[in-house]
Amino acid sequence: MALLPILTAPDPRLKTVSQLVTQVTDETRQLMDDMLETMYAAPGIGLAAIQVGVPQRIIVMDLAGQDEEPAPLYLVNPEKTQASPETVLHEEGCLSVPEFYEDVERPITATITYLDYQGQKQSLNTEGLLARCIQHEMDHLEGVLFIDHLSRLKRSIILKKLIKSRKLQSTS
Ligand code: K1U
Ligand code: ZN
């Protein structure tokens, strides 16, 4: 297994629309294993392949608490087949937008179909944090970050701060 570097905004690769995976192979599973290890180390509760520079429609997640058994979820080619018209505002973070947390409005529930680790088709009815995290990760597959849901002013303030802190890191 390997820890992969996570891209941070405003890296233009994060704007890529990721490609469908044609077949779930051992190579796909190796990438998902590496992504999961990277996500646990960060730490985070979700990660899309484009965040490690791979433009494929792959997401890993684990919402288990610290005192619970790991419960990894692997989603390949996820599709949202239903979403509630009712929406809710809730705070989100992103490993590609480190140290910023902002409220984002999203559907409360969503039904997702996807291929699992073995390439088998699955369907999941989601709500709460699971619904939020899956929808956030599926945005990554379209090249959308949670800050793209904010006002232009808030987004540009965050991006300027990220650029400044990256410059400071590279000189220290
Ligand atoms: O970068 C990402 O896409 C992962 C992101 C997922 C997410 C978090 C909150 C709402 C929507 C989507 C994160 O994991 S940010 C870090 C985080 O939330 C967290 C980290 C450690 C423990 C618990 C949560
Ligand atoms: Zn994210």
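Let's start with Asn77, which counts as buried because its relative accessibility is 12%, below the 20% cut-off. In this predicted model, Asn77 sits in strand E3. Its backbone deserves a look too: Asn77 is not a glycine, yet it has a positive phi of about 50°.

## The partners of E3

Strand E3 covers residues 73–83 and runs antiparallel to strand E2 (residues 58–61), with 4 bridges joining the two.

## An exposed glutamate with positive phi

Glu99 is another residue other than glycine with a positive phi, near 75°. You will find Glu99 in the loop between strand E4 (87–92) and strand E5 (102–107). Is Glu99 buried or exposed? Its relative accessibility is 75%, so Glu99 counts as exposed, the cut-off being over 50%.

As background, most peptide bonds are trans, and most residues other than glycine have a negative phi.

The bond that joins Ala9 and Pro10 is cis, with omega about 5°; Pro10 belongs to the segment before helix H1 (26–41). The peptide bond from Ala42 to Pro43 is cis as well, its omega being near -10°. Pro43 lies in the loop between H1 and strand E1 (46–48).

Methods. Residues are numbered from 1 along each chain as its sequence is written. Chains are lettered from A and ligands numbered from 1 in the order in which they are written. This is a predicted model: local features need pLDDT of at least 70, side-chain atom pairs count only at pLDDT 80 or more; totals for chains, interfaces and linings use all residues. Side-chain values use heavy atoms; hydrogens and water are left out. Two strands pair if DSSP finds at least two bridges between them. Buried means under 20% relative accessible area, exposed over 50%, partly exposed in between (1.4 Å probe, protein chains only).
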